[in-house]
Amino acid sequence: MNETNRARIASIGVALALILAGSLMLALTTGPADNFDPQVFWLLRLPRAISAVAVGGALAVSGAMIQSVLMNPLADPYTTGTASAAALGAVIGSLLQAQH
């Protein structure tokens with residue numbers, strides 16, 4: 001990889017990190033300003049935003065792992081059958097829950 005590609009990838013990474021930070025701040029501070037409750041911020045909004053970032057990162061890493069293991073940049077859960085297996089698991093889970 002030459003120096004131009006590394007610089008381009010680094011600038012895209014920085015831009016994505018800034019977009020993530022901006023959207024996180026927007027999610028945390030959106031709402032009426034006249035009745036700001038610190039407990040709502042610390043107990044509801046912040047954990048929800050942090051878990052959303054963590055889940056999004058985990059999904060990105062798992063997608064990258066699928067693509068690297070299969071050595072196919074176009075691989076997705078639908079071509080590998082993972083989505084169908086997940087749907088089957090959801091149906092079985094809901095049927096087992098309905099029996100109780």
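Guide: Start at Thr 82, which is found in helix 4. Helices here are DSSP runs (H or I, at least four residues), numbered from the N terminus. This is a predicted model, where local features need pLDDT of at least 70 and side-chain atom pairs pLDDT 80 or more, while totals for chains, interfaces and linings use all residues. Residues are numbered from 1 along each chain as its sequence is written, and side-chain values use heavy atoms, without hydrogens or water.

Visitor: Why is Thr 82 called partly exposed?
Guide: Thr 82 has 42% relative accessibility. Under 20% is buried, over 50% is exposed, and partly exposed lies in between (1.4 Å probe, protein chains only). The 42% of Thr 82 falls in between, so partly exposed is the label.

Visitor: What makes Ala 83 partly exposed?
Guide: Ala 83 is also found in helix 4, residues 82–99. Its relative accessibility is 22%, so Ala 83 counts as partly exposed.

Visitor: How far is Ala 83 from Asp 34?
Guide: Their C-alpha atoms are separated by 44 Å. Along the chain, the two are 49 residues apart.

Visitor: How do you know that Ala 75 is buried?
Guide: Ala 75 lies in the loop between helix 2 and helix 3. Its relative accessibility is 6%, so the label is buried. Ala 75 is 12 residues from Gly 63 in sequence, and their C-alpha atoms are 8.3 Å apart in space.

Visitor: What is the phi of Met 71?
Guide: Phi of Met 71 is near 55°, a positive value in a residue other than glycine. Most residues other than glycine have a negative phi.

Visitor: What makes Phe 41 and Trp 42 an edge-to-face pair?
Guide: The count is one aromatic pair. Its ring centres, in Phe 41 and Trp 42, are 5.0 Å apart, with the planes at 85°. Rings of Phe, Tyr and Trp (its six-membered ring) pair if their centres lie within 6.5 Å; planes under 30 degrees apart are stacked, over 60 edge-to-face, the rest tilted.

Visitor: Buried or exposed: which is Phe 41, and which is Trp 42?
Guide: Phe 41 is buried at 16% relative accessibility. Trp 42 is exposed at 55%.

Visitor: Which residues form a nonpolar patch on the surface?
Guide: Val 40, Trp 42, Leu 43 and Leu 44 do, with about 420 Å² of accessible area together. Leu 43 is found in helix 2 (residues 38–70). At 59% relative accessible area, Leu 43 is exposed. Accessible areas come from the Shrake-Rupley method with a 1.4 Å probe.

Definitions and conventions: Patches are made of residues with over 30% relative accessible area and no salt bridge: like charges are joined within 9 Å, nonpolar side chains (Val, Leu, Ile, Met, Phe, Trp, Tyr) within 5 Å. A salt bridge is a side-chain nitrogen of Lys or Arg within 4 Å of a carboxyl oxygen of Asp or Glu. Helices (H or I, at least four residues) and strands (E, at least two) are DSSP runs, numbered from the N terminus.
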